[in-house]
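Visitor: Hi, could you walk me through this one? I have a few quick questions.
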Amino acid sequence: VASPVWMDINPSDTLQYQSAREHDDERHICPLQLEVIRRGVMLWTNPGDVVLDPFAGIGSVPYKAVEMGRCGVGIELKDSYFKWACRYIEDAERVSKNETLFDMAQ
């Protein structure tokens, strides 16, 4: 039975935004839980589709999209968030290609 409410979402299942924060940042950052993103990507896209997040932040949506075999595209104005998003997405690309630690060492 489909439910309009997801009570099983772990609120701390997010990418680590702490490292992207700068000392003078406003306190408005609210990372989206990865399980919410995963469910949305599963419901509304197919493998190979492009998933766009126009407010990418640290890249949670593009990260999960790439991890799930989609193309993740994100737009972010803040340089520190953009740099962390790139790192996270590169990690997702490695995971989606099933690379091992031995592959990364070469």
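Visitor: Where is Gln33 found?
Guide: Gln33 lies in the segment before α1; helices here are DSSP runs of H or I with at least four residues, strands are E runs of at least two, and both are numbered from the N terminus. Just so you know, this is a predicted model, where local features need pLDDT of at least 70, side-chain atom pairs count only at pLDDT 80 or more, and totals for chains, interfaces and linings use all residues. Residues are numbered from 1 along each chain as its sequence is written, and side-chain values use heavy atoms, with hydrogens and water left out.

Visitor: Leaving aside neighbours within four places in sequence, what is Gln33 in contact with?
Guide: Ile9, Asn10, Pro11, Asp13 and Thr14, where contact means heavy atoms within 4.5 Å. Gln33 and Ile9 are 24 residues apart in sequence, with their C-alpha atoms 7.6 Å apart.

Visitor: New topic: in what order do the elements run?
Guide: From the N terminus, the order is α-β-α-β-α-α, which comes to four helices and two strands.

Visitor: And which residues have the most contacts inside the largest nonpolar core?
Guide: Leu15, Leu34, Ile37, Ile58, Tyr63 and Tyr88, in a core of 15 residues. Two or more residues each come from α1 (34-44), α2 (60-67) and α3 (79-96). A nonpolar core is a set of buried Ala, Val, Leu, Ile, Met, Phe, Trp, Tyr and Cys residues joined through side-chain atoms within 4.5 Å.

Visitor: How much of the chain counts as buried?
Guide: 34% of its 106 residues, buried being under 20% relative accessible area with a 1.4 Å probe, protein chains only.

How values were computed:
Buried < 20%, exposed > 50% of the residue type's maximum accessible area, 1.4 Å probe, protein only.
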